[in-house]
Amino acid sequence: MIGRFLFSTMDKRGHVFLALVAAIGLAVPLANLLVPAGSPFHVSTATMSLWGKYLCYALLAISLDLVWGYCGILSLGHGAFFALGGYAMGMYLMRQIGSRGVYGNPILPDFMVFLNWQELPWYWWGFSSFPFAMLMVLLVPGLLAFVFGWFAFRSRVTGVYLSIITQALTYALLLAFFRNDMGFGGNNGLTDFKDIIGFNVQAQGTRAALFATTCTMLAAGFLIARGIVGSKLGKVVIAIRDAESRTRFLGYRVDRFKLFVFTVSACMAGVAGALYVPQVGIINPSEFAPANSIETVIWVAVGGRGTLVGAALGAVVVNWAKTMFTSGLMAPYWLFALGALFVLVTLFMPKGILGTVQGWWEKRRKPEAVPAAEPAPAE
Amino acid sequence: MNAPVPGALTSSLLYLDGVSVSFDGFKAIRGLSLTIEPGEMRAIIGPNGAGKTTMMDIITGKTRPDEGTVMFAGSVDLTRLDEAAIANLGIGRKFQKPTVFDFHSIEDNILLALKSKRSVLKTLFWQTQAAQQKRIDEILGIIKLADKRDRLAGSLSHGQKQWLEIGMLLAQDPRLLLVDEPAAGMTDGETAQTAALLKAIARDHSVIVVEHDMGFIRELGVKVTVLHEGAVLAEGPLDQVSANERVVEVYLGR
Amino acid sequence: MRFFSFLRLLAIVVALLAAPAAALAQSADDAFARFSADSFSDTARAIDILVQGAHPNAGVIIEALADGRLLAGGGTVAVKTKEGGFLDARTGQALAAAPTGLSPVRLNNNVRRAVQGALGSLGLINPDPGKRVAAAEAVFRARDVSVLPVLEAAIAKESNDRARRALREAQAAILIAKTDAPPFDRIAAVDVLRERGDQDALATLRALPGDASPGLRDAQARAISDIEGKLALWRAGQNLWYGLSLGSVLLLAAIGLAITFGVMGVINMAHGEMVMLGAYTTFMVQELIRAHAPGLFDWSLAIAIPAAFLVAGAVGIAIERGVIRFLYGRPLETLLATWGISLILQQAVRTAFGPTNREVGAPAFMSGAFELGGLAITWNRLWIIVFAGLVFAALLAILKLTPMGLQMRAVTQNRRMASAMGIRTGRIDALTFGLGSGVAGLAGVALSQIDNVSPNLGQSYIIDSFMVVVFGGVGNLWGTLISAMSLGVANKLLEPYAGAVLGKIALLVFIILFIQKRPRGLFALKGRAVEA
């Protein structure tokens, strides 16, 4: 049943995407490990980690597209789920440092020793176990999304109101995680990681494995999202996006459907965050900044909302452009470019790269099938 | 005049008594009482602001009445339920402005409406059974959209959307249908077809039709309730009602 | 035997009586020698000698000591004046050349206390009542028992009520700690301190020595709880004031948004940047005034107000005409596009003015503070509250009383109908948005007085502003007012218990939960119109 669920509704675009991700997931680590450094086909570890970061963002973008593109929930707080997943992974990695920290305390991470803490706070218990930490990567963002969504969707907070309170949510978490006495390293966050399941985080082989894992998770995330939107539930969710009250009058409990999609999406964002942390080497409260979450939205918008593949594409393209911009002379102009991107995409390319291309394609094939109306605003 | 004898409570499909609701001091519905029997088709008319749409909102759970009783099938208190629960009880609604899912194909619109378990997991792992597919095809035939089944609903004309919505109502297979201005924006031919369709539906469903078009009402040939300022002004066959002096007054003004 | 003992007693009495006279005789020379000794205890003693000997230059010398301008060495003592000249401490005559071989007399806390006490007792007989009060305050803090006789003499002569009260309080502060004072006097002193009822009185009462009798202890305990109660009340009042002040800031930041978001339904994420532009306009106006007309500096804010309104308003109109009007009916897209605009504006300002904070000066009437009972009120906060009130009233008047306001309301309620009646809806949209943005610019003028003027200024207010508008109920100016004030006050009342950050988090969580309960805010419209 699961197999049928995952693959029965796959379209051509999805197959191309999966093949591409699989190819990258195999080729890049091999080009890093086996091709000698001098060869033009060699991929440096730094480049691989950079692209690993992009792919984590791609997974985050897919998770956001699932709620925004298909369900009309514009979350301006998805960065919070990403960061929570990242913190769960960071806590595991902190515990793996053991007595190799600056203060050499076998139990307490350095920042706790520095704050004169005597024992590990209860919410750090269990994070030395990898399976437990991975469970938390899913559970913590999922639970937050569930509780938040439970209240929000039941009382029918929609549209911009929902966007604003999701933003407030991540803002509140930002403030909270900045506090030292929260026990998450305050301003500096968690860093100086050593090992992940016994392997050195810095080692080339580990990096390659992390990259391959990221590709696997991206593919898995895509398959799940694709399975959801291709199912009848996906149709219900799109119906909710376009005519929420009509869907309700058909007898669907709109709040439960939204809650399901929102929670799944948050778990996916959490996984993206968890993969991001060991490849980037740090997690700190700035990941909760509302600006980060909004930037994620623009990746999805650029790639094309409601296409999943487009969201991933947008994340990679925008972040690649950001790296290009900010590493050179153009650095001061990056924010101009990003700002202009927001404006131009919403004004001239509301369907994003993929949506626009698809629109041309469909128009050429069967011009009458494209509805005249824009999607109804989700309010 | 509508106060039913206590025994009728159980036999009525829909029973409204003394229902009132106000918005910011404006009384949209004041002491409305109405009963619909199983299998009955009822036309509701009334000038703008008479409270027709608000009455539908109350029945379908969109608006909570300030006071009054709203009972379905003799025993279910509709004022305690939300829209989805009421829909699942078997009350279907067609809106004044046709609302279909523009970005779904016509067939998917019907599929979404098709009577089935509405839970999250059931829809996630949904497989359309042969009998269900047959029913969908049947409905597409009834509403004459079978050849366009793969087109997006957003590309339909106004009249076709009205029909699609009626088709969705059929797919829901409700015990009571609330139909708000089904003939609005239709050509005469389409109006006549719609009336015929509704009459066919009314053979095995209870139907409430809200309509402005007197020709359409005449075509239906059913008992008429006239609403005015949120209460029932007159009730009876169309000829009798349209001869009622107060009704004439309300419609034409003094 | 008895005779001898009598003689001995007599001798002691004589010696005791003679001691002050002897001190006077040795007087100044001894004191100046002690200043040169470079020992803290000698310096303190020297101060006492000068005061008790009523040396004519004592005031000048001790003041110089307090400022580190007293130079001593080898028995010579000189005062360096504030202007940079030098005086002979002994005679008060100006010295022709800078004395050599002298080094500044050093101070420690003990010496400082002696200086305080000395200045106090010298000031107690100053002809200016204000100076006398200040001197009494100094004595109050120093609690130097040796000043007591001077103090009592001063009280006897004092005719000014305020000065007498200050002197009595100083006396009480000394008496309460004086273990050999009559118990009755000490209890009376407790009462005087209770009357005074501030933090200093509390500290003095708490410092009661351990010898106190049960009666005195009792009076002390009652006085302390009395004062604590009163202080708590004032503290609450002070927090309320801070809350109102924060509320007025929130109101200023949010009220423009109440127009663009509340009335027009436009999600303007660049609203904070309009505030920032207002603040930078203030900065520019002040720079121009500094460069060309320094005399007008006190008027700089008055000039900046229309300038900021026009700059922010013009930018707002440009944004509306250039971007937002293509996105009406698509709130989420508007949100994204305006966020992009906010990034561009921030970066533009960063490029033009640099990323660091810019200094915006405060005109004379905005600086300083005054006390109202137990409240410390700064003028800038007070003026900002007044300003917020004026802006609110003006906006209300524009919306309710002017033809433009009427047209605005018409357009927002039914665009097509308004258009059919000959209202140029596009123009009204632009003007409304310009008004909201201009008001944000006004907020920037006020915020430049209390916050850092940096490109990020707007960012810190945008979330708060949305919270205020949403909490108050969209489309309701009064709701915005009440919401801003209650959020401001709640924030400041929470702060003492939860800390600033936790208090803010608590409020955010509260609003998030509140919106779930009442999605349309405190003062929401009800009915079919809003649900459509």
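# Briefing: chains A, B and C

Chain B has eleven helices and ten strands. The model is a predicted one. The radius of gyration of chain B is 18 Å, close to the 18 Å that the globule rule gives for 254 residues, so chain B is as compact as a globular protein of that length. Chain A touches chain B and also chain C. In chain C, the points below cover two assigned domains, an open sheet of four strands and helix α5.

**Chain B: overall build**

- The C-alpha trace of chain B spans about 55 × 40 × 35 Å along its principal axes.
- Of the 254 residues in chain B, 45% are buried.
- Take the contacts in chain B with a separation of 6 or more: 66% of them are between residues 24 or more positions apart.

- Strand β1(B) covers residues 14-23, and strand β2(B) covers residues 26-36.
- The two strands run antiparallel and are joined by seven bridges.
- Tyr15(B) stands opposite Thr35(B), which belongs to β2(B).
- Two residues lie between the strands of this hairpin. Asp24(B) has a positive phi there, near 50°.

**Where chain A meets chain B**

- Chain A contributes 27 residues to this contact, and chain B contributes 25 residues.
- Three helices of chain A each supply at least two residues to the side that touches chain B: α9 (232-242), α10 (244-249) and α11 (254-280).
- α9(A) gives the largest share of that side, with seven residues.
- By class, the side of chain A that touches chain B holds 17 nonpolar, two polar and eight charged residues.

**Where chain A meets chain C**

- Here 40 residues of chain A are in contact with 36 residues of chain C.
- On the side of chain A that touches chain C, two or more residues come from each of α6 (130-154), α7 (159-178), α12 (290-303) and α14 (334-348) of chain A.
- The largest share, 13 residues, belongs to α7(A).
- This side of chain A divides into 31 nonpolar, six polar and three charged residues.

**Chain C: domains**

- The domain assignment gives chain C a domain 1 at 26-172 and a domain 2 at 234-531.
- Taken over C-alpha atoms, the centres of domain 1 and domain 2 of chain C are separated by 54 Å.

**Chain C: the four-stranded sheet**

- The sheet is open, with strand order β3-β2-β1-β4 and antiparallel pairing.
- β3 and β4 (103-104) of chain C are the edge strands, and each pairs on one side only.
- Strand β2(C), residues 76-80, has four of its five residues buried, so β2(C) is largely enclosed by the rest of the structure.
- β1(C), residues 70-73, pairs with β2(C) in the antiparallel sense over four bridges. Within this pairing, Ala72(C) has Val77(C) of β2(C) as its bridge partner.
- The hairpin of β1(C) and β2(C) has two residues between the strands. Gly74(C) sits in the turn with a positive phi of about 55°.
- β2(C) also pairs with β3(C), residues 86-88, in the antiparallel sense over three bridges. Lys80(C) stands opposite Phe86(C) in β3(C).
- The hairpin of β2(C) and β3(C) has five residues between the strands. Gly84(C) in that turn has a positive phi of about 110°.
- On the other pairing of β1(C), two bridges join β1(C) to β4(C), and these strands run antiparallel. Leu71(C) stands opposite Pro104(C) in β4(C).

**Chain C: helix α5**

- Helix α5(C) runs over residues 129-142. At 1.5 Å a residue, its 14 residues should span 20 Å. The end C-alpha atoms are 20 Å apart, which agrees.
- The buried residues of α5(C) are Arg132(C), Val133(C), Ala135(C), Ala136(C), Ala138(C), Val139(C), Phe140(C) and Ala142(C).
- An α-helix has 3.6 residues a turn, so residues three or four places apart point the same way.
- Arg143(C) follows α5(C) and has a positive phi, near 50°.

Terms used:
Residues are numbered from 1 along each chain as its sequence is written. Chains are lettered from A and ligands numbered from 1 in the order in which they are written. This is a predicted model: local features need pLDDT of at least 70, side-chain atom pairs count only at pLDDT 80 or more; totals for chains, interfaces and linings use all residues. The expected span of a helix is 1.5 Å times one less than its number of residues. A residue is buried if 20 or more other C-beta atoms lie within 10 Å of its own, exposed if 12 or fewer, and partly exposed in between; C-beta atoms are placed from the backbone. Two strands pair if DSSP finds at least two bridges between them. Two residues are in contact if their C-beta atoms, placed from the backbone, lie within 7 Å. Ala, Val, Leu, Ile, Met, Phe, Trp, Tyr, Cys and Pro count as nonpolar, Asp, Glu, Lys and Arg as charged, and the others, Gly among them, as polar. The radius of gyration is taken over C-alpha atoms; the globule rule is 2.2 Å times the number of residues to the power 0.38. Domain bounds come from an automatic or database domain assignment.
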